[in-house]
Structures are given as C-alpha cells and as structure tokens.
Amino acid sequence: MTNIESDNSREWAAQAYALLKKQQVEQKQELQKQEEQKQELQKQEEQKQELQKQEEQKQELQKQEEQKQELQKQEEQKQELIDITNKENISIQSKTITEPQLGEFDDNFTWSAMVLAAQGKKINQISIDEIDWLTKLRRGLEETRKGFVTELLDKLGDDPLTPEALDDLETLLIRADVGIDSTDKVISSLRTKLNEEVLGAEAGIKFLKKELKLIIDKPIKSSGTDLLVPQKGKLNVWLLVGVNGVGKTTTLGKLAYLSSKSNYKTLIAAADTFRAAAVEQLKVWGDRSNVEVISNQSKNADPAAVVFDAINSAKKRNVDLLLVDTAGRLQTKNNLMDELAKIKKIIDRKVPDAIVESLLVLDASQGQNGLKQAKSFAKSADLSGAIITKLDGTSRGGVSLAVSEEVNLPIRFIGAGEGIKDLRPFNSYEFVEAMLADK
Ligand SMILES: Nc1nc2c(ncn2[C@@H]2O[C@H](COP(=O)(O)OP(=O)(O)O)[C@@H](O)[C@H]2O)c(=O)[nH]1
Ligand SMILES: [Mg+2]
C-alpha cells in the first residue's frame, strides 16, 4: 500500500465515516422523529381513547337520563291513573245525583209541556229535566198562587172583570208580596183596558200575565243580556252576595253543577271565611259537580286573600267561571260592603278584563223583608242581578216582581228546592205562567 493510496484511503474512510456518521445521525434523527411520531400517534391514540371514553360516559349518562325519564313517565302515568280513578270515584258519586224519571202523563206533564210548546219548543226538543223543573216550579208556587189566582177566579166565576174585582185583585197582589209599585202599575193598566173593552175572566188573567211579565222583563231588557251565561275566552267572576241564610252557598253549589255540566271550566272560591262550616259545605257541593274549591282554612282568613289565590288558580287553569261565595256577616267590625268592595278591587286589579257579576241572593220566603235587603245592598254593593231562592213552598213568590220593579235588578236564576238540580236560569214566561196557573 502506498502513502498516496493510504492517504486516499483515509480520505475515503473519513468520507465514509462522515457519511455513516451523517447517516447515523440522520437515522438517529429519523428514529427520533419516528419515536416522536410514535409518541405523537400514541398521544393521539390516547386522546382518541380518552374521547371515546368520554363519549361512552356521555352515552351512559344519556342512557341513565332516559331511564330516569322513563321512570318518571311511568310515575306520571301511575299518577294519572290514580287521578282518573279518583275522578271516576267522584263521577260515580256525582252519578248518584238522581236523574229525574218520567212521571205519569198527568196534569203536571201536560201543563209543563204546553209551557214549553208555547215558547216554540218542538216535541223532540223537550227533555225530562225541563218537565221536572217546570213541575217543581209550579208546585213550588202553589202557595203563592192559592191566595191569589184561585181566589180571584173563584170570585170572578164566569163574569167579566169589574172595577170591584180589580179592588180584590189589588189586595191579592199585595198579599203575594208583589209590592205596591208593581201592583199599582198592573191595576192601572187593567183599569185603562177595562175602560176600552169588556174582559172575561180568562182574558183578564191573560192580560194580567202580560203586564206582570212586562215588569219582570224590564230590567232584563235594559241589561242587554236575556240569559246570563259565562262568556267564553274570558274569565267570568260571579260574586254571590246577600244576608245570612238566604241560600248563597247552596245556590253556588247548584250553579257550579249547571256550569260544569255545560262544559265551562269552573272554580269555586270559598270567601265566606266567617262560618267555619262554610268551606266544608262548599267542598261537598264541589265534589258533587267535580269542581275544585279554593279555600284558606286558617281562622279569620282574609276573604280578599282567598279571592286573590282563586284568581291565580283560575288564570293558570284557563277557568271560564269563578264562583265566589261571600259572607253574610263578618267577624270583625268591618262593614260587609267594605269587604265586598275590597274583593272587587282585587278582581279589578288582577284581572281587569274579567267579566264580573255581583248577584244578590234573596230568599223569597222573606217577602218584603227580602225586598228591604235588596234595596240596602243595591245602594252600596253595585249589584248586577238577583237570584231568588226558596220559591218552593212560600206564599211570597210575588216578591220577584217587587225586586224587578223597585230595585231594578234583572233576575238571573231561581231556586225551588235544596237539590243540586233545583236551580234554573230565570225565564219570565215560565215564572208568570207558574205563578198564575189556574190550578
Ligand atoms: N227549600 C229550599 N231551601 C233552600 C233553597 N236554597 C237554600 N235552601 C236552604 O237554606 C238554608 C241556608 O242555605 P245556605 O246556602 O247555607 O245560605 P247562606 O247562608 O246564604 O250561604 C239551607 O238549609 C239550604 O238547604 C231553596 O231553593 N229551597
Ligand atoms: Mg253560606
């Protein structure tokens, strides 16, 4: 080997080494890079797994949530079933409300059917309910009628009406609590009529019925509402006011029944917080007609606060008709009228577009006393109508006329019995026919 060769060799080796070294470095770098990439991949893999794990956990959570919801749904269904069962229990209870049966084809039936026919009802439109009610009404007004039409007809016989007979009629009308104003009106119309023509007994009674109906219809006509029903799409609030014992709570129960049966969503506010038993009494009526009662059991609860709660409930549940029972007497020295004004203020403030009716409940059997109450309430309580109760078995049914003539209140409902169905919207034709029926 020559030096040159060796020099060359060294050179070559150095170059080779350098190359190898370079390669090694490169390899190392490559390895490192790969290692880094591997680590990177591993990291990514780990992240992926982490993500997957999170995803699984998420799904697990979701599954748990779904199971929870399923359980909740089952619970709700269970609750619903319980509710339905409860409701069915109540409706079973309310089914025990005795449906009127078709009685004999007797005088009661024919009279009732004729009263319906005279108002344009067709044969296939007549219901047992209506016949039953009219029978009750006529029977209820029997006492009022006895001392009046029967006696008048007895006196007249088949003779035409004479001025003397008018004097008798005047006495009879006053005795039936028709009131002095109404009586004067009717008698003077009859007198004018008699000056024009001869009137037989039958024609005389017919004329009398027409005159009495005019008196009763006047406030109804001027109210612009023939038949009081809740207006759909609004909250209707009906306050039942009147002195103790006239039948407010009973009437409210009957109204709740009528209303819910006619598919109005109905709610009761027990705002007579004075009588401890009043709430219980209302709850019984509410159960019968499937209507909820909002009350406050605490002693001396504020009636306006009960109404406040009831309005909140009514708004939440889209109630059509809120019936408010009120006290006839108060525990504090507060004036009854102040309390009613407070209730009204709450209603005005919370539901300014509600349709509010203040209905004075009057016990027909109290006659002129009832009329006095009506006058004093009307002065301060801003009334919009009257409900006459206890027309069954009183001789003073005529007071309805006095209320119309002297207090100028439209009569909206009449009650003739203690049963849930013994209340009907007032119909002046039926009322006058029943009051002056000739048997
Ligand atoms: N005969 C009869 N009794 C009635 C009528 N309305 C209510 N009553 C009775 O009158 C009494 C007093 O009634 P209630 O509703 O408690 O009067 P409130 O004090 O005004 O709430 C109760 O015994 C009722 O059953 C009715 O139309 N006819
Ligand atoms: Mg009461």
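**Figure 1. Residues that surround ligand 1 in the predicted model.** In this predicted model, ligand 1 is surrounded by 17 residues, and Gly247, Lys248, Thr249, Thr250 and Gly415 are the closest of them. By class, the shell around ligand 1 consists of 10 polar, 5 charged and 2 nonpolar residues. Helix H8, which spans residues 248–261, contributes the most to this shell, with 3 residues.

**Figure 2. The packing of helix H8 against helix H9.** Helix H9 covers residues 276–289, and its axis lies 9 Å from that of H8, at an angle of about 20 degrees. Angles under 35 degrees count as roughly parallel, and H8 is therefore roughly parallel to H9. The two helices, H8 and H9, cross in a right-handed sense. On the H8 side, the contact involves Thr249, Leu252, Gly253, Ala256, Tyr257 and Ser260; these meet Ala278, Gln281, Leu282, Trp285, Gly286, Arg288 and Ser289 in H9. The contact of H8 with H9 comprises 6 nonpolar, 6 polar and 1 charged residues.

**Figure 3. The crossing of helix H2 and helix H3.** Helix H2 (residues 107–118) and helix H3 (residues 128–140) have axes that come within 9 Å and cross at roughly 110 degrees. Because angles of 65 to 115 degrees count as roughly perpendicular, H2 is described as roughly perpendicular to H3. From H2, the residues Asn108, Phe109, Trp111, Ser112, Ala113, Val115 and Leu116 take part, and their partners in H3 are Glu130, Ile131, Leu134, Thr135 and Arg138. Sorted by class, the contact of H2 with H3 holds 7 nonpolar, 3 polar and 2 charged residues.

How values were computed. Residues are numbered from 1 along each chain as its sequence is written. Chains are lettered from A and ligands numbered from 1 in the order in which they are written. This is a predicted model: local features need pLDDT of at least 70, side-chain atom pairs count only at pLDDT 80 or more; totals for chains, interfaces and linings use all residues. Axes are lines fitted to C-alpha atoms, for helices over the stretch in contact, and angles run from 0 to 180 degrees between N-to-C directions. Helices (H or I, at least four residues) and strands (E, at least two) are DSSP runs, numbered from the N terminus. Angles under 35 degrees count as roughly parallel, over 145 as roughly antiparallel, 65 to 115 as roughly perpendicular and the rest as oblique. Two residues are in contact if their C-beta atoms, placed from the backbone, lie within 7 Å. Ala, Val, Leu, Ile, Met, Phe, Trp, Tyr, Cys and Pro count as nonpolar, Asp, Glu, Lys and Arg as charged, and the others, Gly among them, as polar. A residue is near a molecule or strand if its C-beta atom, placed from the backbone, lies within 6 Å of it. A crossing is left-handed if the near helix is turned anticlockwise from the far one by less than a right angle, and right-handed if clockwise.
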